[in-house]
Amino acid sequence: MSTATHVHVEHHDAPPRGIWRWLSATNHKDIGTLYLVFSLIMFLIGGCMALIIRAELFQPGLQFVTPQFFNQMTTMHALVMVFGAVMPAFTGLANWLIPMMIGAPDMALPRMNNWSFWILPFAFTLLLSTLFMQGGGPAGGWTLYPPLVLQTGNAFPFVILSVHMMGISSIMGAINVIATILNMRAPGMTLMKMPLFVWTWLITAYLLIAVMPVLAGGVTMLLTDKFFGTSFFNAAGGGDPVMFQHIFWFFGHPEVYIMILPAFGVISMIIPTFARKPLFGYSSMVYATASIAFLSFIVWGHHMFTVGMPLAGELFFMYATMIIAVPTGVKVFNWVSTMWKGSMTFETPMLFAIAFVILFTIGGFSGLMLAIAPADFQYQDTYFVVAHFHYVLVTGAVFSLMAAAYYWLPKWTGHMYDEKLGKIHFWLSVIGVNILFFPQHFLGLAGMPRRIPDYALQFAEFNALSSIGAYIYGFSQLLFVYIVIKTIRSGEKATDQVWEGARGLEWTLSSPPPYHSFTTAPEVH
Amino acid sequence: MVDIQQHADTLQCRFVLRPNRSLSWRGSLLFYFSLLIISSGIAIGLTLLGFWPVLPFAGLEMLALGIGLYVVACRCYECEVISINGDSIRIERGRDYPREQWTLGRMWARVVLERCPRAWYPSRLLIRSHGRSVEVGRFLDEEERQRLADELTRSLRPALVGNL
Amino acid sequence: MLANLLARMRYPALGLGLLWSLSAAADLKLNMPEGVTTISHQIYDLHMTILWICVAIGVGVFGTMFYSIYYHRKSKGAVPAHFHESTTVEIVWTVVPMLILIFMAVPATRTLINLEDVSKPDLTIKVTGYQWKWSYDYLDEGISFFSTLSTPAEQINNLAPKDKDYLLEVDNPLVVPVGKKIRILTTAADVIHSWWVPSLGWKRDAIPGFINESWALIEKPGVYRGQCAELCGKDHGYMPIVVVAKTQEEYRQWVESKKAAKTASLGSDNPGPAMTNAPGQPAPVTAAQ
Amino acid sequence: MTAPTTSQANRRTLRRLLLIAAPMFGFGFAVAPLYSVICSLTGLNGRTSDRPVAVAEVQGEVDKTRTVTVEFVANVNESAPWEFAPKVVRMEVHPGQFYRTSFIAQNLTGAPLVGQAVPSVTPGPAAPHFQKIECFCFSRQAFKPHESKDMPVVFRLDPSTPADISTVTLSYTFFKVEDKGS
């Protein structure tokens with residue numbers, strides 16, 4: 001008995017196996033995996049909806065679906081992608097990475113972590129089931145503007161309930177992230193030493209908690225307006241339908257940053273690794289993130305310049321929105337400076353990160369153009385807006401998620417992914433996505449409104465092109481699924497550090513991280 | 001973190017186990033109130049405009065956040081004390097005072113570090129004696145638990161030698 | 001002014017040139033229409049100014065990045081530098097964008113003020129959005145009519161060849177005079193719609209229970225087409241707008257013929273849909289006290 | 001790890017947190033007034049008051065030197081079976097002076113109907129200056145079958161109406177109210 005006996009647990013308190021392992025999971029790595037798998041499934045479901053939309057828009061005229069179903073597709077595509085794919089994916093990354101990055105054994109509230117995940121499949125089953133209800137699913141756009149959304153059929157209360165469930169899940173996730181980051185950092189890991197991904201998630205969680213009740217309250221008022229005779233948003237009873245837009249966007253604009261701030265964090269982790277050079281301007285990155293978060297509370301009006309605000313309001317929202325370009329610019333400049341005089345290699349995560357910087361910046365430019373109120377009167381509700389937010393969310397948020405997946409997959413699975421396939425996936429994605437969304441700028445400027453199932457002949461060429469891009473991009477994601485499965489099952493053994501230039505606590509763990517935490521003592525300098 | 005107090009001559013030693021915490025109670029409170037002010041500010045603002053349904057949601061959410069932070073803060077103050085004294089091992093667990101305690105015979109005590117057969121799961125450190133076993137150091141990270149296991153084993157050995 | 005200079009550069013250099021020539025060949029519309037109202041020209045200029053500023057910044061940033069990608073790569077034997085902070089640089093790239101933004105904000109503010117100045121109109125037309133058609137009321141003339149899509153269903157369902165103005169044609173277009181300041185009031189009767197003719201330079205939401213206003217001064221006669229720009233239900237894509245701008249004499253003639261048709265029909269039948277205005281006879285203004 | 005480092009780190013953490021929390025904190029306090037500022041800026045309530053203004057409450061002299069055009073617009077929501085129109089389309093008014101006009105509505109059906117008129121004023125900044133001491137929009141209006149009503153409005157523009165406002169449009173939308181009477 002000279003050393004502690006190492007035995008393998010075989011008796012009843014062993015962790016459960018099979019499905020029960022996942023249902024009762026409290027381990028941050030299990031939950032992180034669940035989130036990531038769930039979001040990948042939702043990404044594919046939402047993607048199928050997008051492909052239905054693009055198939056209908058391939059040519060003018062009605063070919064495949066009715067206008068009503070088309071509207072259901074646009075609405076569901078947005079809800080599934082925003083709440084089902086992008087947000088859970090980032091929560092999954094947070095679950096996997098935050099404890100490893102800050103040197104904590106697990107998330108702070110493991111049981112709540114389990115609930116916050118398992119609400120999601122139910123919420124989305126409910127949401128998707130509305131498509132089969134009398135009157136179809138929600139067709140008033142993901143922004144749920146009244147009075148149109150009140151014309152939804154039997155599905156309406158179910159939609160509201162599922163939005164509530166998504167909100168509860170997000171809030172629980174955010175509480176967990178906050179409690180973990182604040183309480184469980186390893187000794188010496190001060191706030192200003194935290195990796196940027198952790199920082200951006202802390203700010204994101206703060207935003208989530210600040211705005212989620214507004215969404216919950218807003219959709220509840222829709223519900224009472226429809227069923228309980230209140231008239232919050234009904235002009236006949238003294239309400240104002242535009243107030244819903246104010247409330248929605250007071251939530252919605254921070255929500256946009258909730259989807260992009262963690263992406264900033266991911267990119268800020270990846271670029272230094274492959275440039276083999278520390279991140280340029282760490283503290284300014286933190287302050288830029290915080291100021292973007294703060295500004296996000298006071299710019300919601302730019303989503304609704306056309307509702308007829310007085311001049312002073314339009315000017316206020318225009319100026320406030322333009323100012324956001326400054327901290328965002330600081331971030332882009334910092335990334336470029338990190339690459340400057342580095343020693344770069346271009347593995348798949350780096351390729352996605354570089355594509356992110358370029359394409360997100362293009363999305364930022366069109367965002368700046370949209371901020372200019374008088375010009376926005378032309379852009380508003382056209383394909384220019386569609387192009388803008390897809391550049392920000394697809395080549396922004398989704399590309400950062402792809403980069404993150406390739407970057408940390410060897411760490412998670414212990415196997416290197418197939419670099420050649422990864423590069424093929426990258427090039428197909430980046431070419432497809434640009435063919436898909438770049439022409440939409442032209443469509444919008446030429447005057448094609450969003451959310452229409454059929455269009456005038458002058459828009460035919462670009463729509464056909466866009467649809468072709470959609471199919472290239474969409475099907476190339478199946479390659480990604482294949483690469484992930486292949487990496488999990490086989491592949492070259494990954495080293496602990498995986499990437500030559502990787503820095504940070506998670507790279508000191510073995511690949512895959514065999515246990516909760518560190519085999520060598522984390523030392524933070 | 002593990003704090004070891006050992007008296008080389010008396011064969012007595014104490015292990016004080018605490019989870020790592022990086023935010024003080026005061027810090028938690030400050031953080032909570034900063035969020036409370038923001039969230040209730042928004043909710044009260046909207047209530048004044050007549051959109052009161054936001055308020056209960058904000059309240060519920062703040063309650064959940066408060067409970068979450070409180071539970072974590074309490075868990076961070078959890079403490080386990082393992083005293084090896086003569087021929088007994090006393091294990092106490094509690095926050096301000098020992099809420100639970102066990103006494104095991106030192107003679108037959110074994111320190112067992114159980115590793116889970118599946119990746120991603122934590123190991124468990126058990127002190128076994130006469131078929132009873134007590135798990136200690138759940139909240140430690142892997143490296144600390146490993147070190148504690150080694151230290152415990154070492155501390156138990158001299159007694160074994162002395163008695164034989 | 002630089003803005004105007006930039007705005008006149010219709011033929012941009014390099015890569016974009018290719019797209020432009022493509023557009024010329026295929027008659028594709030790549031850019032915002034310049035429009036036919038005073039305000040639309042200002043907006044177009046503003047749009048081009050900001051576009052070019054963005055292009056310039058983009059060339060700078062991406063240029064630096066590609067230079068770095070090309071020369072500072074490991075395979076070229078680049079050795080990583082160690083710098084990771086510079087307060088001066090950080091300040092520079094906070095202040096310079098700020099200045100650029102101020103430079104953009106000035107013309108934007110001017111245009112916006114102009115856009116919102118609805119005072120002293122020559123005529124006022126009320127536009128009401130319905131699911132899924134528009135109705136127009138000439139407040140002073142007492143003319144009002146509905147305007148609905150006139151594209152036949154066969155074309156939509158691909159049973160007949162689509163004609164040139166597929167989905168952008170209506171039975172009763174909105175007829176307006178050129179050279180007059182037209183004030184347009186927008187409202188809706190069921191859900192929110194948005195009235196948008198790109199050539200006029202703006203769109204404005206039509207909100208049930210509320211009224212919005214905006215204005216246009218059309219410079220040259222012609223037919224200008226637009227669409228509803230706010231999702232309003234299943235036939236959102238099928239409620240186009242056609243504005244026919246006529247010379248003032250032709251407009252007068254049109255008004256007279258409309259009025260004549262109205263008096264002719266008044267005698268016959270029930271008043272039709274509920275959207276009518278009192279005849280334009282000016283009633284005496286009564287003081288209450 | 002030693003105790004002082006932790007507490008130092010904690011203190012630093014706290015300071016940093018405070019640094020972030022302070023503006024947020026300030027913002028929290030600013031929210032309510034900010035909201036009212038933003039509401040007035042954005043004219044969130046682009047509607048005129050639903051409540052009558054008492055004659056005693058109004059202030060300000062009649063400004064004979066200034067003329068503002070007031071336009072009247074009538075709408076019927078969801079093609080409800082009403083004929084609804086202003087008696088006059090346009091009035092030239094002096095701020096401060098009271099004026100009376102009326103709207104005519106007719107029930108086009110053979111059944112009783114109840115309606116509620118909802119006012120809206122554009123431009124938004126004029127809305128708070130548009131004062132009504134009598135208006136059919138203050139209560140629900142019941143119509144007998146085929147009844148026609150002449151419904152008065154007595155209003156004035158506040159003399160403090162911003163000088164750049166030269167045209168004010170008062171729009172009423174008639175909503176059909178489901179049950180009960182007024």
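Where is L144(A) found? L144(A) lies in the loop between α4 and α5 of chain A. This is a predicted model.

**Helix packing in chain A: α12 and α14**

- Two packed helices are described by the angle between their axes and the distance between the axes.
- Helix α12 of chain A covers residues 383-413, and helix α14 of chain A covers residues 460-489. They pack at an angle of about 15°, with their axes 10 Å apart.
- Angles under 35 degrees count as roughly parallel, so α12(A) is roughly parallel to α14(A).
- The crossing of α12(A) and α14(A) is left-handed.
- On the α12(A) side, the contact residues include V394(A), V398(A), F399(A) and M402(A). Their counterparts in α14(A) include Y473(A), Q477(A), F480(A) and I483(A).
- By class, the contact of α12(A) with α14(A) has twelve nonpolar, three polar and no charged residues.

**Helix packing in chain A: α8 and α9**

- Helix α8 of chain A spans residues 282-295, and helix α9 of chain A spans residues 311-339. Their axes come within 9 Å and cross at roughly 155°.
- Angles over 145 degrees count as roughly antiparallel, so α8(A) and α9(A) are roughly antiparallel to each other.
- The crossing of α8(A) and α9(A) is left-handed.
- Among the residues that make the contact are M285(A), A288(A) and L295(A) of α8(A). K331(A), N334(A) and W335(A) are among those of α9(A).
- Sorted by class, the contact of α8(A) with α9(A) has nine nonpolar, five polar and one charged residues.

**Cysteines**

- A disulfide is a covalent bond between the sulfur atoms of two cysteines.
- How many disulfides does a search of the whole structure find? The search finds one over all chains.
- That disulfide joins C135(D) to C137(D), with an S to S distance of 2.3 Å.
- The link of C135(D) and C137(D) is right-handed, with 130° about the S-S bond.
- Both C135(D) and C137(D) are buried.
- C13(B) counts as buried, at 4% relative accessibility.
- C48(A) is partly exposed, with a relative accessible area of 46%.

- A cis peptide bond joins P146(A) and P147(A), with omega about 0°. P147(A) sits in the loop between α4 (110-129) and α5 (156-183) of chain A.
- The peptide bond from T122(D) to P123(D) is also cis, with omega near 0°. P123(D) sits in the loop between β5 (113-122) and β6 (130-135) of chain D.
- L144(A) has a positive phi of about 55°, although it is not a glycine. L144(A) is buried, with a relative accessible area of 3%.
- R276(A) has a positive phi near 55° and is a residue other than glycine. R276(A) is in the loop between α7 (241-275) and α8 of chain A. R276(A) is buried, with a relative accessible area of 17%.

**A residue in helix α6**

- T220(A) is in helix α6 (residues 196-227) of chain A. It counts as buried, at 16% relative accessibility.
- Leaving out residues up to four places away in sequence, T220(A) touches H164(A) and F57(B).

**Chain C**

- Chain C has six helices and eleven strands.
- Of the 289 residues of chain C, 50% count as buried.

Methods: Residues numbered from 1 in each chain as written. Chains lettered and ligands numbered in written order. Predicted model: local features only at pLDDT ≥ 70, side-chain atom pairs only at ≥ 80, totals over all residues. Heavy atoms only, no water. Axes fitted to C-alpha atoms, helices over the stretch in contact; angles between N-to-C directions. Helix = DSSP H or I, 4+ residues; strand = E, 2+ residues; numbered from the N terminus. Parallel < 35°, antiparallel > 145°, perpendicular 65-115°, else oblique. Left-handed = near helix turned anticlockwise from the far one by under 90°. Contact = heavy atoms within 4.5 Å. Nonpolar A, V, L, I, M, F, W, Y, C, P; charged D, E, K, R; others polar. Disulfide = S-S within 2.5 Å. Buried < 20%, exposed > 50% of the residue type's maximum accessible area, 1.4 Å probe, protein only.
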